[in-house]
Amino acid sequence: MLSPAQIEQFQREGFIKGSRVLSDEQVEILCAETLRVIDDYQNGIQRERVPVRVANISGKVEAPVWQIVNIWEGSPAFEELLHNPLVVEETAQLMQAEMQAREIRLFHDQIQFKPAAIGGVNMWHQDSPYWPILTPKDVQLTAWIALDDADADNGCMSMVPGSHRWGDQIPFLHSLKNFEAMPENFEDKPLEVRLCPVEKGRVHFHHPLTWHGSQANTSGRPRRAIALHFMTERALFDANGSHPMKPFVESGPNETVRGQHFPLVWQG
């Protein structure tokens with residue numbers, strides 16, 4: 001379990017490193033499944049169960065960042081991960097303390113894979129503004145699990161402490177010309193960029209409004225990770241928004257998001 005000091009740090013800074021949640025053997029299986037799903041996509045192989053989306057989100061063949069949305073729907077090993085006791089327990093601790101959660105569902109998962117030596121940059125962003133079908137924007141949480149040791153060389157995440165308290169600032173973040181363009185201050189508030197290395201098999205949590213991004217992978221090692229994007233019962237469906245998960249919502253406008261593609265992982 002997370003300690004009271006860790007929970008307080010999450011509330012203050014908007015992110016925290018959690019426990020090791022996967023063994024080496026479990027990580028090997030998930031890494032192999034990641035490569036299989038991408039190989040299926042590249043070779044046009046059709047299976048009975050498939051993810052919602054597979055894409056190179058960098059848009060650059062020479063510097064790919066592979067994204068797989070809802071890999072759990074195409075892989076029993078990743079489906080099992082959704083109910084990992086340590087992940088669920090620590091997620092519930094944070095979402096109860098910060099968001100008074102009574103129920104936690106998966107919104108979607110997301111693989112991000114930066115191949116060795118050529119993996120691209122993930123520019124600065126916040127998570128929940130990219131989820132326009134969900135409102136409000138502060139009742140979600142991301143559990144990011146490293147499937148390789150993630151460090152400065154292979155493109156681990158960087159975070160801006162306290163930025164989760166500054167609201168939706170996507171227009172500002174999109175105005176930054178490159179990853180190094182982050183200023184020293186934002187609206188008269190001092191701004192710190194903190195590198196967040198995560199060991200293989202360990203989980204790192206961040207608030208849906210925390211500013212974060214990651215540098216290119218210039219190492220000889222891959223950087224694979226799975227982000228589990230969770231939401232509380234207060235996440236309501238905004239029918240005006242668009243998102244790959246929108247077709248799967250079984251709720252009406254302004255109702256709690258429900259549906260078989262949004263599995264329940266915890267109930268208080």
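This is a predicted model: local features need pLDDT of at least 70, side-chain atom pairs count only at pLDDT 80 or more; totals for chains, interfaces and linings use all residues.

**Salt bridges, pockets and backbone**

Let me start with a single side chain: Arg258 has a relative accessible area of 30%, and therefore counts as partly exposed. On this scale, buried means under 20% relative accessible area, exposed means over 50%, and partly exposed lies in between, using a 1.4 Å probe and protein chains only. Residues are numbered from 1 along each chain as its sequence is written, and side-chain values use heavy atoms, with hydrogens and water left out.

What is the partner of Arg258 in a salt bridge? The partner is Glu103, with the closest N and O atoms 2.9 Å apart; a salt bridge here is a side-chain nitrogen of Lys or Arg within 4 Å of a carboxyl oxygen of Asp or Glu. Because Arg258 sits in the loop between strand 15 (236–237) and strand 16 (264–267), while Glu103 belongs to strand 4 (residues 103–114), the pair ties together parts that are 155 residues apart in sequence. Helices (H or I, at least four residues) and strands (E, at least two) are DSSP runs, numbered from the N terminus. Glu103 is buried, with a relative accessible area of 10%.

By the salt-bridge rule, the count comes to 19 salt bridges. One of them joins Arg224 to Asp148, with 2.8 Å between the closest N and O atoms. Since Arg224 lies in strand 14 (residues 223–232) and Asp148 in the loop between strand 7 (140–146) and strand 8 (157–159), this pair connects parts 76 residues apart in sequence. Arg224 and Asp148 are both buried.

Lys17 and Glu199 form another salt bridge, at 3.4 Å between the closest N and O atoms. This pair also links distant parts of the chain: Lys17 is in strand 1 (residues 15–20), Glu199 is in the loop between strand 11 (194–196) and strand 12 (202–206), and they stand 182 residues apart. Lys17 is partly exposed at 23% relative accessibility, and Glu199 is partly exposed at 36%. There is also a network of salt bridges, which links Glu8, Arg12, Glu13, Glu192 and Arg194.

I turn now to the pockets. A pocket is an open set of points, on a 1 Å grid over the protein atoms alone, where a 1.4 Å probe fits, with protein on both sides within 12 Å along at least five of seven lines; lining residues have an atom within 4 Å of a point. The largest pocket has a volume of about 730 Å³, a volume being the space filled by probe spheres set on the points, with grid points joined across faces, edges and corners.

Which residues lie nearest the centre of the largest pocket? They are Ile57, Gln110, Gln112, Asn122 and His125, from a lining of 33 residues. Among the elements that give two or more residues to this lining are strand 3 (66–69), strand 5 (122–125) and strand 13 (212–214). Strand 14 gives the most, with five residues. The lining divides into 13 nonpolar, 16 polar and four charged residues; Ala, Val, Leu, Ile, Met, Phe, Trp, Tyr, Cys and Pro count as nonpolar, Asp, Glu, Lys and Arg as charged, and the others, Gly among them, as polar.

The second largest pocket holds about 190 Å³ of space. It is lined by 13 residues, with Asp40, Tyr41, Ile45, Val50 and Pro51 closest to its centre. Helix 2 (residues 24–42) supplies the largest share of that lining, four residues.

Next, an open sheet of four strands runs in the order 5-13-8-11, with antiparallel pairing. Strand 5 and strand 11 are its edges, each pairing on one side only. Two strands pair if DSSP finds at least two bridges between them. Strands 5 and 13 pair over two bridges, and His125 stands opposite His212 in strand 13.

Finally, the backbone. The peptide bond from Thr135 to Pro136 is cis, with omega near -5°, and Pro136 is in the loop between strand 6 (134–135) and strand 7. Asn70, although not a glycine, has a positive phi of about 60°; it lies in the loop between strand 3 and helix 3 (76–81) and is buried, at 0% relative accessibility. Glu187 likewise has a positive phi, near 50°, but Glu187 is exposed, at 52%.
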